[in-house]
Amino acid sequence: MRFETLAIHAGARPDTATGAISVPIYQTSTFVFEDVGKTRGCDYSRTANPTRKVLEDTIARLEGGRAGFAFATGMAAETTVMHLLKKGDHVISGDDVYGGTYRLFQDVMTDFGLEFTFLRMDNSKSIEEAIRPNTRMLWLETPSNPLLNIVDLEMVVNIARRHKLLTVIDNTFATPYFLRPIEYGIDLVVHSTTKYLNGHCDVVGGAVVTTTDELAQRLQFLLNAMGTCAAPFDCWLVLRGIETLPIRMKQHQENALAVANYLKGHPKIRRVLYPGLKSHTGHEIAKRQMKGFGGVVSCELTGGIKGVNTFLRRLKVFSLAESLGGITSLAEHPATMSHASMPKDCRERVGITNGLIRLSVGLENVDDLTEDLEQALNRL
Ligand SMILES: *Cc1c(COP(=O)(O)O)cnc(C)c1O
C-alpha cells in the first residue's frame with residue numbers, strides 16, 4: 001500500500017472486535033482476563049491499549065520502521081528515548097534543535113550524568129572531531145527549528161555507522177510524507193505529533209519509531225516502566241489527523257512557498273529562511289533527500305525588537321502563538337517564546353536573532369495570508 005492509503009488503513013482497521021470503521025476509543029484502564037494467566041491481548045492501558053496500538057502501527061508503517069510507540073507529548077517521547085542511554089554516555093546534538101529539546105538535554109539529562117556537545121551538523125570533520133570514546137548517540141533535526149537548516153542524512157549516517165553510534169532524528173517538521181529518515185539508515189525517528197501529524201492544534205502527543213526488534217523491546221519496556229504513554233482519546237485525535245496528512249502537507253507547502261516568495265521581495269525583510277528557496281543554504285540537499293520542503297517559514301525583520309512587536313500585534317489572520325503544523329496560521333518570536341529556554345549567548349551563536357520570526361503557514365487562502373503580512377509590514 002502507498003502512503004495515502006496507509007494513512008487511512010494501516011493498523012487493525014476496521015476494528016477487529018466490532019467492525020467499527022472509525023477506530024474505537026478504548027477508554028479503559030484495565031482489561032478483563034479470559035482465564036487465569038490469559039488475556040485477550042491487553043491487560044492494562046499503560047502497557048498497551050488497542051486505540052494506541054492502531055496509532056503506533058500507523059506511524060511505524062508511514063515511517064517504514066519496525067515498531068511505533070505513542071507518548072503523552074513530544075517531550076515524553078524524547079525523555080523516554082534518552083533513557084536508552086546510561087550515566088557517562090555522550091551525545092552529539094544539533095545546535096539549533098527545538099528549544100525544549102535543548103532544555104531537556106542541558107538542564108535535565110546532564111543531572112543524570114549524560115554529556116552533550118551541541119554543534120552545527122553540516123560538516124563531517126567537526127562531527128568526527130566531537131566524537132569521544134563514550135559517545136553513543138547523534139541527535140538530529142532537519143529542517144531544524146526555527147532556522148530550517150538541513151542536515152545531510154547520508155553524510156551523518158556514514159559517520160555514525162563507522163563509529164557505531166545510535167542515530168535519532170526529530171522528524172516533526174518534515175513528517176514522513178516529505179522525509180523518510182529510515183531509508184537513509186537512521187535508527188530512531190521521534191515526533192511531536194502535536195504538530196503536523198495531528199495537524200489541528202487540539203492535542204499534544206509524541207511518537208517514536210524504531211528499526212530493530214532490540215530497540216523496540218527496550219522502548220516498550222521504558223514506555224511501560226516510565227509511564228510516558230499517550231491516552232486513548234489523544235491517540236484517536238492523532239489518528240484522525242493523520243488520515244489527511246498527505247493533502248494537508250501538499251497545501252501547507254504550496255502556501256509556505258508563496259509566503260516565502262512574497263517575503264523575499266519585501267524591503268522590511270532582511271532574510272527569508274525556507275528550504276524551498278534556491279537562496280537557502282540547504283536547498284540542494286533538501287531537494288535531494290526530501291519530497292517537499294514543509295510549511296514553516298522563518299524571516300528576519302529589519303528594525304529590531306520594536307519592529308517585531310509592532311508586526312506581531314498587527315497580524316490578524318496569523319495568530320501570535322507557539323507551536324506549528326496546524327491548519328491555522330501561527331506567528332511566533334523564537335527569542336522570547338519557543339527558544340526562550342535557550343541561553344541568550346547560545347541563541348546568538350546559532351543565529352536566533354531578536355529580529356527572527358517563525359511562521360507556521362496554515363491552510364487558509366494564501367492571498368489572505370500574504371495580505372495579512374502586507375498590512376502588518378506596512379506599519380513598520
Ligand atoms: C513541539 C516540538 C517538540 C516537543 O513536542 P511537544 O509535543 O510540545 O512535547 C519537539 N520537537 C520539535 C521539532 C517540536 O516542534
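Begin by selecting Thr175, which lies in helix α7 (residues 175-178); helices here are DSSP runs of H or I with at least four residues, strands are runs of E with at least two, and both are numbered from the N terminus. The phi of Thr175 is near 65°, a positive value in a residue other than glycine. Most residues other than glycine have a negative phi, and most peptide bonds are trans.

This is a predicted model, in which local features need pLDDT of at least 70 and side-chain atom pairs count only at pLDDT 80 or more, while totals for chains, interfaces and linings use all residues. Residues are numbered from 1 along each chain as its sequence is written, and side-chain values use heavy atoms, with hydrogens and water left out.

Next, select the two cis peptide bonds in turn. One joins Arg13 and Pro14, with omega about -10°, and Pro14 is found in the loop between α1 (3-9) and α2 (50-63). The other runs from Thr142 to Pro143, with omega near -10°, and Pro143 is found in the loop between β4 and α6.

Now colour the strands. The open sheet has 7 strands in the order β1-β7-β6-β5-β4-β2-β3, with mixed pairing, where two strands pair if DSSP finds at least two bridges between them. At the edges are β1 (67-71) and β3 (115-119), each of which pairs on one side only, and the twist averages 20° from one strand to the next. Within the sheet, strand β4 (residues 135-141) and strand β5 (residues 166-170) run parallel and are joined by 5 bridges; Leu138 stands opposite Thr167 in β5.

Helix α4 (residues 99-108) lies across β2 (90-94), β3, β4 and β5, at about 145° to β3.

Finally, centre the view on the ligand, which 15 residues surround, the closest being Gly74, Asp170, Ser192, Thr194 and Lys195; a residue is counted if one of its heavy atoms lies within 4 Å. Helix α3 (residues 74-82) gives the largest share of this shell, 3 residues. An oxygen atom of the ligand is 2.7 Å from an N or O atom in the side chain of Thr194, and an oxygen atom of the ligand is 2.9 Å from a polar backbone atom of Met75.

Conventions: Axes are lines fitted to C-alpha atoms, for helices over the stretch in contact, and angles run from 0 to 180 degrees between N-to-C directions. Contact means heavy atoms within 4.5 Å. A polar contact is a pair of N or O atoms within 3.5 Å; within protein, one must be able to donate a hydrogen and the other to accept it, and residues adjacent in sequence count only if both atoms are side-chain atoms.
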